[in-house]
Amino acid sequence: MASLSFRNVEKRFGNVEVIHGIGFDIADGEFTVLVGPSGCGKSTLLRMLAGLEEISGGTIAIDGTVVNDIESKDRDIAMVFQSYALYPHMTVAENMGFSLRLRKADPKHTAERVDHAAKILNLGPYLQRYPRELSGGQRQRVAMGRAIVRDPKVFLFDEPLSNLDAKLRVAMRAEIKALHQRLKTTTVYVTHDQVEAMTMADRIVVMQDGRIEQIGTPLELYDRPANLFVAQFIGSPSMNVVHGAVRREGDVAWVEAEGGVRWPLPAGSAVASGETVAYGIRPGDLGVGASARPVEAEVIVVEPTGAETELLVQAGPAQIVVVVHGRTNVRPGEVVDLAVDTGAVHLFDPSSGATLRA
């Protein structure tokens, strides 16, 4: 296991700078997820850590040793790719033990390491099969097994579940998390899927355009986003956001959005009257029914999912998503009152996106 340190890390391709002075630490044994939209630089950062891309500026250290000029094979890391990268002419056992054979390790030791990894990943019955004889999930487990056999200081995962179907992705998420809890190896995992990030990470690093927007635990990012980008990227369905101006009558305050829709603010809100804000509320913090300060909306779409029902409603010109726990009798075209949990309201500066106190 190992700690990792990034200090003012930069990456340029010609005159184009794609990583802008990133710096953060990863603790020994931590499962850290790099998340962000496609093109934000997360895979580039992972590849620099792996030694597959040169570092244009700054330093990356593993266990206190700067690895900028150390070759990939000497960094004691193991990487699992999106494409599995298995040798089609080798059996599962041969694929898993290939890196040790390259190092001319003792064949008995290699066999023991392969058997150990196969037991962890339930691959015992498949050791003499070839990759073409395996399912996508089994191939991904072989790729993970190849990494385990090396017993590295750090595991790196580059969007390893992108090629799997939805049900298998859920199962593999659980397997990877259980593997980390068992081995306690420092892990850096890259994904654009915020659900993967939320369910797997000890800490999440949210990236955009080669910069870090926020670092924190999944619930810190969900409950206390630093800005509008993080608020809308973390959470599924995404946070609802409307723009308007703060208005007051005595102790009662609200944000008046386009169309005259009044979105309630919590009691004691300190935001000045007349200030323009972006008003955020998560779908699960809205309800349908009686409320002291309801927001009138027309139901457009009803999507039952079993345990929950997702509603798309129109409040003025804004379309809002509401997640109702359980089932509901509302129908498209019906006008309903939305009940807002004002304690869960988020406010943002519409220009900078920075979080404001609600």
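How are helices α4 and α5 oriented to each other? They are roughly parallel to each other, a label that applies to angles under 35 degrees, whereas angles over 145 count as roughly antiparallel, 65 to 115 as roughly perpendicular and the rest as oblique. This is a predicted model, in which local features need pLDDT of at least 70 and side-chain atom pairs count only at pLDDT 80 or more, while totals for chains, interfaces and linings use all residues. Residues are numbered from 1 along each chain as its sequence is written, and side-chain values use heavy atoms, with hydrogens and water left out.

The chain contains eight helices and 21 strands, where helices (H or I, at least four residues) and strands (E, at least two) are DSSP runs numbered from the N terminus. Its C-alpha atoms fill a box of roughly 80 × 45 × 35 Å along the principal axes. Of the 358 residues, 46% are buried, that is, under 20% relative accessible area with a 1.4 Å probe and protein chains only. Among contacts (heavy atoms within 4.5 Å) with a separation of 6 or more, 65% join residues 24 or more positions apart.

The axes of α4 and α5 come within 11 Å and cross at roughly 20 degrees, the axes being lines fitted to C-alpha atoms over the stretch in contact and the angles running from 0 to 180 degrees between N-to-C directions. The two contact faces are set out below.

| Helix | Residues in the contact |
|---|---|
| α4 (residues 136–149) | Gly 136, Gly 137, Gln 140, Arg 141, Met 144, Ile 148 |
| α5 (residues 166–183) | Leu 168, Met 172, Glu 175, Ile 176, Leu 179, Leu 183 |

The residues of this contact divide into seven nonpolar, three polar and two charged; Ala, Val, Leu, Ile, Met, Phe, Trp, Tyr, Cys and Pro count as nonpolar, Asp, Glu, Lys and Arg as charged, and the others, Gly among them, as polar.

Elsewhere, five strands form an open antiparallel sheet in the order β15-β19-β16-β17-β18, with pairing assigned if DSSP finds at least two bridges between two strands. β15 (286–288) and β18 (318–325) each have a single partner strand and stand at the edges, so one side of each is left without a neighbour in the sheet. The twist averages 45 degrees from one strand to the next. β15 pairs with β19 (residues 335–340) over three bridges in the antiparallel sense, and Leu 286 has Val 340 in β19 as its bridge partner.

Thr 91 lies in the loop between β6 (77–80) and α2 (92–102) and counts as buried at 7% relative accessibility. Leaving aside residues up to four places away in sequence, Thr 91 touches Leu 127, Gln 128, Arg 129 and Tyr 130.

Technical notes: Buried means under 20% relative accessible area, exposed over 50%, partly exposed in between (1.4 Å probe, protein chains only).
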